[in-house]
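Subject: Structure for you, with notes

Hi,

Here is the structure I promised to pass on. Have a look at it first, then read my notes below.

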Amino acid sequence: QWFRLTSCADDVFSRLDSIREKKQAVLHMDIPTDWELYGDPFYWTQILFNLVENALKQNTEPGLSITVAAAKTQDACVITVTDTGVGIPVESIPFLFNRFYRVETHHSSEIKGTGLGLSIVKRAVEAHDGAITVSSIPHRETVFTITIPLKRFREEKAA
Ligand code: ATP
Ligand code: MG
């Protein structure tokens, strides 16, 4: 089924609005409204929900900014979720998509979670022939990058 990526992101932003407000964070969306993916929109809502929720949950400093963006390259549609929070230590990166893995920090015991979210995200992305990677500069920027083959992408021109 073809669906609009912006409707998944809209849905996620509204579901997370109360926690966003509590954290005084700002959410941005940079996705053309006519961009569509082929797959399961419920999975995509879950994928974006997990990534945006993580960015909100892990951060306490006001001024947090989270951006969901999409761009097209020669052979892929690239979806990124970027945040300006505490980030992920480089030594944790190889384990991040493992089931039950959580980064240990001085306040990680206060942040609720099972450590399953990202393993589910990875599976859901792979079920759509995609791949996910992460890069982080602690206290500056964390970027989750999802790459989806162009055969699952189209620009639906308004009739
Ligand atoms: P669950 O998603 O099952 O509720 P969780 O959020 O702890 O639990 P994951 O979503 O798999 O589990 O994330 C694993 C860990 O990766 C988190 O516990 C956190 O330590 C780290 N992490 C994920 N995203 C971010 C982020 N944007 N900034 C900082 N740390 C992150
Ligand atoms: Mg999570």
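A word on naming before anything else: helices (H or I, at least four residues) and strands (E, at least two) are DSSP runs, numbered from the N terminus. Keep in mind that this is a predicted model, where local features need pLDDT of at least 70, side-chain atom pairs count only at pLDDT 80 or more, and totals for chains, interfaces and linings use all residues. Residues are numbered from 1 along each chain as its sequence is written, with chains lettered from A and ligands numbered from 1 in the order in which they are written.

**Overall picture**

The protein chain has four helices and eight strands, and along the sequence they follow the pattern β-α-α-β-β-α-β-β-α-β-β-β. Its radius of gyration (taken over C-alpha atoms) is 15 Å, close to the 15 Å from the globule rule (2.2 Å times the number of residues to the power 0.38) for 159 residues, so the chain is as compact as a globular protein of that length. Along the principal axes, the C-alpha atoms fill a box of roughly 50 × 30 × 25 Å.

Of the 159 residues, 26% count as buried. For that term, C-beta atoms are placed from the backbone, and a residue is buried if 20 or more other C-beta atoms lie within 10 Å of its own, exposed if 12 or fewer, and partly exposed in between. As for contacts (C-beta atoms, placed from the backbone, within 7 Å), 67% of those between residues at least 6 apart in sequence join residues at least 24 apart.

**The five-stranded sheet**

One open sheet has five strands in the order β2-β4-β5-β7-β6, with mixed pairing; strands count as paired if DSSP finds at least two bridges between them. β2 and β6 are at the edges with a single partner strand each, so one side of each has no neighbour in the sheet. From one strand to the next, the twist averages 15°; axes here are lines fitted to C-alpha atoms, for helices over the stretch in contact, and angles run from 0 to 180 degrees between N-to-C directions.

Strand β4 (residues 65-72) pairs with β5 in the antiparallel sense over seven bridges, and Ala-70 stands opposite Ile-79 in β5. Helix α3 (residues 41-57) packs on this sheet and touches β4, β5 and β7, its direction making about 145° with that of β4.

Strand β5 (residues 76-83) is also antiparallel to β7, over eight bridges, with Thr-82 opposite Val-143 in β7. On the other pairing of β7, strand β6 (residues 131-137) runs antiparallel to β7 over seven bridges, and there Ser-136 stands opposite Thr-142. The β6 and β7 hairpin has three residues between its strands, and His-139 takes a positive phi near 65° in it.

Which residues of β7 are on its covered face? Thr-142, Phe-144, Ile-146 and Ile-148 are, while Glu-141, Val-143, Thr-145, Thr-147 and Pro-149 make up the uncovered one.

Over in strand β2 (residues 26-30) you will find Met-29. Why does Met-29 count as partly exposed? Because Met-29 has 17 other C-beta atoms within 10 Å. Leaving aside neighbours within four places in sequence, Met-29 is in contact with Thr-6, Ala-9 and Val-68. The C-alpha atoms of Met-29 and Ala-69 are 5.9 Å from each other, with the two residues 40 apart along the chain.

**The core**

The largest nonpolar core has 28 residues, and Ile-47, Leu-48, Leu-51, Val-52 and Val-121 have the most contacts inside it. By nonpolar core I mean a set of buried Ala, Val, Leu, Ile, Met, Phe, Trp, Tyr and Cys residues joined through C-beta atoms within 7 Å. Two or more residues come from each of α1 (5-15), α3, β4, β5, α4 (117-126) and β7, and α3 gives the most, with six. Leaving aside neighbours within four places in sequence, Leu-48 is in contact with Cys-8, Ala-9, Val-12 and Val-68.

**The three-stranded sheet**

The other one to look at is an open antiparallel sheet of three strands, ordered β1-β3-β8. β1 and β8 are its edge strands, each pairing on one side only, and the twist averages 35° from one strand to the next. Strand β1 (residues 2-4) is joined to strand β3 (residues 35-38) by three bridges, including Phe-3 with Leu-37. β3 also pairs with strand β8 (residues 153-155) over three bridges; among the partners are Glu-36 with Arg-154 and Trp-35 with Glu-155. Helix α1 lies across β1 and β3, running at about 50° to β1.

Cheers

Methods:
Two residues are in contact if their C-beta atoms, placed from the backbone, lie within 7 Å.
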